[in-house]
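Subject: The structure I promised you

Hi there,

Here is the structure we talked about, ready for you to open and turn around on your screen. Have a look at it first, then read on.

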Amino acid sequence: MSDDAPVADDRSDEPREGTAVPAIRRVAGTGVPIRGDDIDTDQILPARFLKAVTFDDMGEYAFYDQRRDDEGTLNDHPLNEFQGANVLAVNDNFGCGSSREHAPQGLMRWGVEAIVGESFAEIFQDNCKSLGIATLAVDHEDAVDLQDFIEATPDAGIEVDVREETVQYDGKTVEGEVPDAMREALLEGIWDTTAVMRTNLDRAKAVNDSLPYTDD
Amino acid sequence: MSEGTLYDKVWERHKVADLPNGQDQLFIGLHLVHEVTSPQAFGMLRERDMEVAFPDRTVATTDHIVPTTSEGRERPLADERAEEMLTHLERNTEDAGIRFFGLDDDRQGIAHVVGPELGFVQPGMTVVCGDSHTSTHGAFGAIGMGIGTSQIRDVFATGSISADKKAVRRVEITGELGDGVGAKDVILHVIRELGVDGGVGHVYEYGGEAIRSLDMEGRLAVCNMSIEGGARAGYINPDETTYEYLEGRGFAPEGEAFEERKEYWESIRSDEDAEYDDVVEVDADGLAPQVSWGTNPEQVVGVDEPVPEPAETRDPEAAETAQAHTEVTPGETMAEHEVDVAFLGTCTNGRVADFREAARVLAGRAVDDDVRALAVPGSGTVKRTLEAEGIHRVFKDAGFQWREAGCSMCLAMNDDALEGDEVCASSSNRNYVGRQGSTEGRTHLMSPAMVAAAAVEGAVTDVREFDTADEVGSGSGSPVADAEVDG
């Protein structure tokens, strides 16, 4: 282990009152780099593994095809090489394509708690928000530097600070951007939106009644 | 910030509340449900002891996992996991009182085909589905958005999603489309121009001469692939083409109610002086049929243009990897690139007009001996309409397999898959590595007419070089004229 040993996660275990989920202020641990732009959710979680009525097994299927060689044995894919990491470092337009929540579910169940990258596809990012996975968008150079750093020092600590919208590693602090709604949701522990929207059910019914097409 | 666009107006009509996270709670007018992304959401509801709040605003069908051979559809399905998913959907929809078009209903089909053709989708609606191609429904002037499973739970429980309003980009498509060139070519060209991430953070409003001239099937194909361009939603302002399509569809209003509703539809059109966050112009004049050469949907060229050198592309490294995978040669055109499989169908191009277009190319011709050709109608309604017109005979006579409705080889969640390193001419929307069921398989995206031409020649071919039939079948069929609807 390097001197930059991972610090403990700052996930408070006690849910806030009226919510079912804990607040997430920081994610600390080690990194796993997956390089390349426009990595689609078919790569992250191949369609043939979507045939399940729960997400329970999805951790096994994250990047399933890319993690194996032609004979089906595990290769040197980062998810094989960086077991135990929780901060994923990616590039541009990560998670494009299919809306399948199976993709972030698979990454989360593999161990990912935060993703640092150049940009994220929208539905993927929404799904991360629903699951409490923090996404931090940084510049191209910073994303590549972080990936280089992780490859050079796999055991070194990395910390994503949701409140400050930064990632800290190698003695430096890099600024990035967590979408406002995701940031608020993570910090306040209200990233599960069902309960809060359910309190507005009467207003939703009123909107329903006001629309011209809802009495068909 | 945009102002006075259809997107602004529809958003405002559907806004329920400001949420503590800074987002809006947006009411959902139509929730389309299928078997792959919903069972987990129904499970979450049960855990919380909640019920579906607006079952009347919810419509379900089964499409992703269903076999497309008639024998294969006998229950229980041979694939136990597929059977389990279907059984869950049947039980969940029955318990919740949600209308369901299952395998025993001849209107079953792909959610994004069924919703529009039966009249569920109308202008000025908000439409969601646990499927990224929900952008399709923007063709009516609706806001259609793909969502994840946790958001499906939100919609079940509250009839709403928590969402940020996006920037609105007007995509003005100018010029006139020539013979043999259509909506699919237009949208592939747009994605090539604007990039697969060009639409992130944006909603696309498509307009201009080339869009106005498209029929509804063409507009559905354009909006369908907004997501391939990174835009979660894309829409076209409703006009007479939209209203004519809707009139007489079972779940659309009728008679006086239809005329009244039209006032709402007209009112939500973007104002003449609407303000956009961004306006881009894409020239489609004299556009050639488009074909994808790589492994993402911006890696596209005209069929008569050379495949670019990696260095000429936006992402040279990705282009090089893609070209190694597809075994295409920079400097050469895609024409004469051999194919093993021809696949017609999907939520992009699985509608009656798409099959008519392909049939005009196929009439009197035969599929190449070395090509495996599948025609998979997007819905039972599409299939029966084509059969009533006799168009299915063109496909069967040419050597296409004539299948039952489903997503099929677009993502190969059933038995319809590429094998080994097969090369597929496909009317689908994604050419990602492994998408069609084989990690070595190669997908080339193109229009239905181009797929038909490739099937005949055994290689990618410029369909403009084909003499096409003026009309095929009886030509009388309206997709819903024969469909029994009980709206």
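This is a predicted model: local features need pLDDT of at least 70, side-chain atom pairs count only at pLDDT 80 or more; totals for chains, interfaces and linings use all residues.

**The hairpins in chain A**

Strand β7(A) covers residues 158-161 and β8(A) covers residues 166-169; three bridges join them, and they run antiparallel. If you want a pair to click on, Glu159(A) sits opposite Gln168(A) of β8(A). The two strands make a hairpin with four residues between them, and in that turn Glu165(A) has a positive phi of about 55°.

Then β8(A) is joined to β9(A), residues 172-175, by four bridges, again running antiparallel. Here Tyr169(A) has Lys172(A) in β9(A) as its bridge partner. This hairpin has two residues between the strands, and Asp170(A) takes a positive phi near 55°. As a reminder from class, strands of a sheet pair through backbone hydrogen bonds, either parallel or antiparallel.

**Two sheets in chain B**

Now over to chain B, where three strands form an open sheet in the order β1-β2-β8, with antiparallel pairing. Which strands are at the edges of it? They are β1(B), residues 15-18, and β8(B), residues 160-163, each pairing on one side only. Neighbouring strands here are turned by 25° against each other on average, ignoring direction. Three bridges tie β1(B) to β2(B), residues 24-27, and within that pair Asp18(B) has Asp24(B) as its bridge partner. Helix α5(B) packs on this sheet, where it touches β2 and β8 of chain B, and its direction makes about 130° with that of β8(B).

The other sheet to look at has four strands in the order β11-β10-β9-β12 of chain B; it is open too, but the pairing is parallel. Its edge strands are β11(B), residues 233-236, and β12(B), residues 278-283. From one strand to the next, the twist averages 25°. Inside the sheet, six bridges connect β9(B), residues 167-174, with β10(B), residues 202-207. Glu172(B) is the residue that stands opposite Gly207(B) in β10(B). Helix α8(B), residues 216-224, lies across β10 and β11 of chain B and runs at about 155° to β11(B).

**Where two helices from the two chains meet**

How do helix α4 of chain A and helix α5 of chain B cross? Their axes come within 8 Å and cross at roughly 70°. Angles of 65 to 115 degrees count as roughly perpendicular, so that is what we call α4(A) relative to α5(B). From α4(A), the contact is made by Asp126(A), Asn127(A), Ser130(A) and Leu131(A), and from α5(B) by Thr149(B), Ser150(B) and Gln151(B). Sorted by type, the residues of this contact are one nonpolar, five polar and one charged.

Is Thr68(B) buried or exposed? Its relative accessible area is 2%, so Thr68(B) is buried. Its side chain makes a polar contact with the side chain of Arg403(B), at 2.7 Å. Beyond its neighbours within four places in sequence, Thr68(B) is in contact with a list of residues that includes Arg73(B), Val376(B), Glu404(B) and Asp416(B).

Next comes Arg219(B), in helix α8(B). With a relative accessible area of 0%, Arg219(B) is buried as well. A polar atom of its side chain lies 3.1 Å from the backbone oxygen of Leu214(B). Leaving out neighbours within four places in sequence, the residues in contact with Arg219(B) include Ala139(B), Ile236(B), Asp239(B) and Thr242(B).

Thr174(B) and Val282(B) are 108 residues apart in sequence, but their C-alpha atoms are 6.3 Å apart in space. Again setting aside neighbours within four places, Thr174(B) is in contact with Ala210(B), Glu281(B), Val282(B), Asp283(B), Ala284(B) and Asp285(B).

Cheers

Notes. Residues are numbered from 1 along each chain as its sequence is written. Chains are lettered from A and ligands numbered from 1 in the order in which they are written. Side-chain values use heavy atoms; hydrogens and water are left out. Axes are lines fitted to C-alpha atoms, for helices over the stretch in contact, and angles run from 0 to 180 degrees between N-to-C directions. Angles under 35 degrees count as roughly parallel, over 145 as roughly antiparallel, 65 to 115 as roughly perpendicular and the rest as oblique. Contact means heavy atoms within 4.5 Å. Ala, Val, Leu, Ile, Met, Phe, Trp, Tyr, Cys and Pro count as nonpolar, Asp, Glu, Lys and Arg as charged, and the others, Gly among them, as polar. Buried means under 20% relative accessible area, exposed over 50%, partly exposed in between (1.4 Å probe, protein chains only). A polar contact is a pair of N or O atoms within 3.5 Å; within protein, one must be able to donate a hydrogen and the other to accept it, and residues adjacent in sequence count only if both atoms are side-chain atoms. Two strands pair if DSSP finds at least two bridges between them.
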